[in-house]
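Hi,

Here is the structure I promised to send over. Have a look at it first, and then read on for what turned up.

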Amino acid sequence: MQRKAIIIGATGLVGQQLVKQLSALYDKVIIIARRPPKYINASMHYYQLNDFENLADTFASIDIDQQTDAFSCLGTTLKLAGSEEAFRQVDYTYNVAYAKLCLAKGVQQFFLLSALGASADSRFFYNQVKAETEAAIEQLGFHSLNIFRPSLLLGKHKGRPMERLSQGLFKIISPVVPESVPAHPITAKRVAIAMAMTAHQRYERAKFQSNRPEPKTVIIDNKQMLAMTRVKK
């Protein structure tokens, strides 16, 4: 049986790393993006999407089913979006629309990249929207929803000077900051590996422990991702 994955946000910091991981686990990786990812191989099928308002039209021609795992690394920043309304459109509206289309095609497992601090009670608009997105997708009723909440992402971000500054400062102090600190920054690659590992572990458990119930919603926080991907010395 062919294993398939579908992903949006594949050209972002985590998404670029995740498509590499998924290509090693799945027979077919479907990528929906405005531009093709830097890394692409024979197992990947790219669908160009110039406007997310036309996402439903793109989905009409995509062959996915209940054997397909859906991933979203789609997200932006308030500065890049230009306004709170535009930010909400990307992080909330487009993610929820994608999740609904996946569910309508029979997808049972959804993997969502969120953020540390996501909370409806947060005083930060960014964290409020992340929490609203999590809640809206959870209410759709996927068989399994896996939410990943990383801290500051380490990697090259175009047009994000404040993040580059934060990353520079972290490199100076990182030798004395243990990974047990909940908000310890994490590389995009380690987040991608944690997402892929979670998907693979669920697949293996489903094969060999079919009678064991799985929780419908699992939140993998930053500390857990650091532990999952720590290199043993």
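Let's start with Asp51, which sits in the loop between β3 (44-48) and α2 (55-59). Helices here are DSSP runs of H or I with at least four residues, strands are runs of E with at least two, and both are numbered from the N terminus. Asp51 is partly exposed, at 32% relative accessible area. For the cut-offs: buried is under 20% relative accessible area, exposed is over 50%, and partly exposed is in between, with a 1.4 Å probe and protein chains only. A polar atom of the Asp51 side chain lies 2.9 Å from the backbone nitrogen of Glu53. That is a polar contact (a pair of N or O atoms within 3.5 Å; within protein, one must be able to donate a hydrogen and the other to accept it, and residues adjacent in sequence count only if both atoms are side-chain atoms). Arg34 is 17 residues from Asp51 in sequence, and their C-alpha atoms are 7.7 Å apart.

Before you read too much into any of this: it is a predicted model, where local features need pLDDT of at least 70 and side-chain atom pairs count only at pLDDT 80 or more, while totals for chains, interfaces and linings use all residues. Residues are numbered from 1 along each chain as its sequence is written, and side-chain values use heavy atoms, with hydrogens and water left out.

Now the overall picture. The protein has eight helices and nine strands, and 44% of its 233 residues are buried. If you take contacts (heavy atoms within 4.5 Å) between residues at least 6 apart in sequence, 70% of them join residues at least 24 apart.

In case you were wondering about cysteines, there are zero disulfides (pairs of cysteine sulfur atoms within 2.5 Å) in the structure. Cys73 counts as buried because its relative accessibility is 10%. Cys102 is buried too, at 0%.

Next, empty space. Rolling a probe the size of a water molecule over the atoms shows where such space is left. How many cavities of 30 Å³ or more does a search of the whole structure find? The search finds one. A cavity, on a 1 Å grid over the protein atoms alone, is a set of points where a 1.4 Å probe fits but cannot get out, and its lining residues have an atom within 4 Å of a point. The largest cavity has a volume of about 50 Å³, where volume is the space filled by probe spheres set on the points, and grid points are joined across faces, edges and corners.

The lining of the largest cavity is made up of Leu74, Asp91, Asn95, Leu112, Leu113, Ser114, Lys130, Thr133 and Glu134. At least two lining residues come from each of α4 (84-104), β5 (109-113) and α5 (125-139), and α5 gives the largest share, three residues. By type, the lining splits into three nonpolar, three polar and three charged residues. Here Ala, Val, Leu, Ile, Met, Phe, Trp, Tyr, Cys and Pro count as nonpolar, Asp, Glu, Lys and Arg as charged, and the others, Gly among them, as polar.

One of those lining residues, Thr133, is in helix α5. Thr133 is buried, since its relative accessible area is 4%. Leaving out neighbours within four places in sequence, Thr133 is in contact with Asp91, Tyr92, Asn95 and Leu112. Asn95 is 38 residues away from Thr133 in sequence, yet the C-alpha distance is 7.4 Å.

Two serines are worth a look as well. Ser122 is in the loop between β5 and α5 and is buried, at 12% relative accessibility. A polar atom of the Ser122 side chain lies 3.0 Å from the backbone nitrogen of Phe124. Ser23 is in helix α1 (residues 13-25) and is buried at 16%. Its side chain has a polar atom 2.8 Å from the backbone oxygen of Lys20. Not counting residues up to four places away in sequence, Ser23 touches Val29, Tyr39, Asn41, Ser43 and Met44.

Last one: Pro150, in the loop between β6 (144-149) and β7 (153-154). Is Pro150 buried or exposed? Buried, with a relative accessible area of 4%. Beyond its neighbours within four places in sequence, the contacts of Pro150 include Leu113, Ser114, Ile186 and Met225.

Cheers

Note on methods:
1 Å grid on protein atoms, 1.4 Å probe; cavity = no way out; pocket = protein on both sides within 12 Å on 5 of 7 lines; lining within 4 Å.
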